[in-house]
Structures are given as structure tokens and as C-alpha cells.
Amino acid sequence: MTTRRNFLKLSALVGSLFAFNKSKAVTLVEQSSKVARKPIVISTWKHGLAANDGAWKILSANGAALDAVEKGVMVTEDDLTNLSVGLGGLPDRDGNVTLDASIMDEKGRCGGVAFLERIKHPVSVARMVMEKTPHVLIVGSGAQKFALENGFKLEPKKLTAEAEKAYKEWLKKNEADFKPSMNIENHDTIGMVAMDMSGNLSGSCTTSGLAYKINGRVGDSPIIGAGMYVDNEVGAACATGVGETVLRICGSYLVVELMRQGLSPKDACKKAIERLVAKNPNYKEVQVGFLAINKKGEHGAFALQKGFNYALADDTGNKLYDSEYFCK
Ligand code: SD4
């Protein structure tokens, strides 16, 4: 989408060029359409609006995409009313809230934490894994120890009132048949991808994972290439939904590779959903959504089921959009 300001700039440029040399105008317009629309940030679900606001403060002040995607999703991690992200999340089947997160920057540096308990900002621990260790992924008690050694605080082991109520209800219903819930509603991870004013891309993803999962289960969100992926020459993508189905197709990496082959962000997300359908016989019972931006600052999304939406912020504002979907 061309903003009014860009359109005016472009018209002035094309106008002056026509006055100067008509034969060169086409080339100039073609070049202009390749210029990135930046900064831009997109993130999953309605809670993406508040997260985008956090990211936009950084992007609009000429900050780095990496800082924006970290600070942006921290807003969601801070929100204890959110049942799918941060310490307010729904627990596993044994009553523990266990968190997964990842982050990746324009240099291809990346970090993740998984199965992390009692730490408020897993995305920041993921960033620290990226920046302070030679590793990409640290999990469980090791991740918690690493966080505590690096200045993070151990939070009380306690479900929020809302999470506790939902868990107790789930326990009653599932006493006989004790299995994790893998349906369309029980998840709302935040995934975010952004491009800063310098044209650099970064991504982040953070979640409490599937509600009532088996203790120790890790989803797609902390796995680089599954829940999120960035290639600064091509684009960035992230995923939300039932992680097992995304892991089977290296979903976010697939979206980026499809953009590398020339697909638009939306077509790349759509093709990845089609691949997911082909590889996951249970696709009708689950929800998955992909989001992507490319190096031109174009964005796109596609989901399995109706109901996936995403928030987009650029210099025209911060708005929520409904995604197109596969299962009609
Ligand atoms: C997971 N992908 O742990 C996450 C859950 C999710 O929207 O995305 N919820 O499988």
C-alpha cells in the first residue's frame, strides 16, 4: 500500500523526471516500487495491537527491529489476563505454567528458551541466550538457572485466578480421559515480525503453549524455523496455532523460502498452509496461522480456519485485520 506521503513523493519525482527525460520514467517508477515500506510491524491476534504499540515506540524513533520485537511482545508477556502468553497462561496437565520463546535478528543470530518456569519475560531470556552464549536453545531448569544468573527474578509459582478456574474445570472433564487439549480455541501465542527504518528485519515469538499439554512438551514457538524465522535478504515469518503441525513442516522457514522463490507474503503463507494440510491428517480439528513480511515491506497472512486475525502498524496507524483461511 502506498502511503499518501510516499505517493506525493513519488508523483513529484516522476513528474520532474518526465519533464527531464520521458524515456527514463518507467525505470524510476519500477525502482520506487522496490523501495521498502518501513518501518512496519505485524503480530498475531488482537493482543498484537498493544504489542505493536510497544514495538512502534521503538521503530518510529529509528530504533532497531530487534529491540522492537523484544519490547513489543513483552507487553503481552506482562498482561496477566492473557491465557496463552506469559505467567498468566493456562498450565500443563499437571498445573505448571511452562513458557517457550524465541527471537532472531537481521544478522541471522537467534536464541530460544523452552519449558521455562516462573520467569516473566522469556523473550528477553531468549535474547540473552542469543547474545551471551554460544547456544541457540536452552530449556527447563537450565534455562531458569541461566535466567536467574543473568538478573531475572524468580516469580511465585501460582496460577492466576482465571487460569486456575479454567484448569479445575478441565480437570473435572478430563479425569477419565487425561489428554492435552488440541483444539481450535485453546491458543493465542504472540508472534511478531518487524522491519525498521534501516530496512532490517527481526522476529520474536512467545507463548505458554498448548493448554493442558503433557508436562515437558515443547511447541513450535521456541524452535527457530518453526515458530519464527528471519532472513534479512528475503523476509520474516511467524506462526501461531497447534505447534505440532507447524513443527512437521518447519513452517516459518518454509514461508521465508517460498518468498525467496518469488511468492508474495500472503501466497507464501497460503502455500505453507497447503503443505501443512497435506502433512497433517488432523488439520480440520486445529487452527494455525502464518504471518509474513518481505524485504519490500509487503505483508501477508493465511490461516487454516476462520477466526485468525493480526495487527499491523505502520505510518498509517495500528489496525487489526482478518486473515483469509483454508477450511471454507
Ligand atoms: C504451541 N504454537 O505451543 C503454540 C501455541 C500457539 O496460539 O500458537 N497458540 O504450539
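**Cysteines and a helix pair**

Modeller: Cys205 is buried, its relative accessible area being 0% (buried means under 20%, exposed over 50%, partly exposed in between, with a 1.4 Å probe and protein chains only). This is a predicted model, in which local features need pLDDT of at least 70, side-chain atom pairs count only at pLDDT 80 or more, and totals for chains, interfaces and linings use all residues. Residues are numbered from 1 along each chain as its sequence is written, and side-chain values use heavy atoms, without hydrogens and water.

The structure holds zero disulfides, a disulfide being a pair of cysteine sulfur atoms within 2.5 Å. Cys205 accordingly has no such partner: the nearest cysteine sulfur, that of Cys238, lies 6.2 Å away. Another cysteine, Cys250, sits in the loop between helix H8 (243–247) and helix H9 (251–260) (helices, H or I, are DSSP runs of at least four residues and strands, E, of at least two, numbered from the N terminus). Cys250 is partly exposed at 42% relative accessible area, and its phi is near 45 degrees, a positive value in a residue other than glycine. Phe115, in strand E3 (residues 110–116), likewise has a positive phi, near 55 degrees, and is partly exposed at 22%.

As for confidence, the chain has a mean pLDDT of 88, and 85% of its residues reach 70 or more; pLDDT is the predictor's confidence in each residue, from 0 to 100. Over residues 1–35, however, pLDDT stays under 50.

How values were computed
Contact = heavy atoms within 4.5 Å.
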